[in-house]
Amino acid sequence: MYFPLFLDLSQKEILVIGAGKIASRRIRALCGFAGHVTVVALQIPAEFGQRIGRNGQETRESETDAGTVEIAGTRITVLERGFVEADLNQKDFVLAATSDAQLNARIGTLCQARGIPVNVCSDAKCCDFQFPSIVEDGTVVIGINASGEDHRLVKETRRRIETLFDSTEFRSRYE
């Protein structure tokens, strides 16, 4: 079982290796919390930008770097190339989210040797932390996790919490 811990990521350097559905969901969740996310992936899918955009959040291209966008105050730098060990330099957190389980495991091993907290999407045993499902309502942030064992339960719990926040009874009681 994992202890829920809320961290200030606004000054942290986060590296995400991969640009598929899992990586995109995690990047989208980090927007508004993290100051800078670097994404490294062999191929960036055409729908990647749509996947990481958050509902109602402004996305703007940086004028200084063609590979950088900003979403909800989070700078996202995208590098379309393969992962190299030097990508880990000066990173505070790493998310290994490629479709290659061996590469993810290698990234996990490299991070642990350097003392960098890592989340490996393909193997919970290689993770230093679990990435939660997040529900936000104003300043209230709820992280939901089932120790990486029951993704359906997490999804259903998130849906129930979102329904509660949307209810008129809840709104009238807490606004």
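Helices (H or I, at least four residues) and strands (E, at least two) are DSSP runs, numbered from the N terminus.

## The model

This is a predicted model: local features need pLDDT of at least 70, side-chain atom pairs count only at pLDDT 80 or more, and totals for chains, interfaces and linings use all residues. Residues are numbered from 1 along each chain as its sequence is written, and side-chain values use heavy atoms, with hydrogens and water left out.

## The second largest pocket

A pocket is an open set of points on a 1 Å grid over the protein atoms alone, where a 1.4 Å probe fits, with protein on both sides within 12 Å along at least five of seven lines; lining residues have an atom within 4 Å of a point. The second largest pocket has 25 lining residues. Leu5, Phe6, Phe129, Gln130 and Pro132 lie nearest its centre.

Strand β9 gives the most to this lining, with three residues. Among the elements that each supply at least two residues are α1 (21-30) and β6 (93-96).

## Salt bridges

The structure holds five salt bridges. Each is a side-chain nitrogen of Lys or Arg within 4 Å of a carboxyl oxygen of Asp or Glu.

Arg81 pairs with Asp87, the closest N and O atoms being 2.6 Å apart. Asp87 is buried (under 20% relative accessible area), at 9%.

In helix α4 (residues 151-166), Arg159 and Glu156 lie three residues apart, about one turn of the helix. Salt bridges that share partners join Glu156, Arg159 and Arg160 into one network.

How values were computed
Buried means under 20% relative accessible area, exposed over 50%, partly exposed in between (1.4 Å probe, protein chains only).
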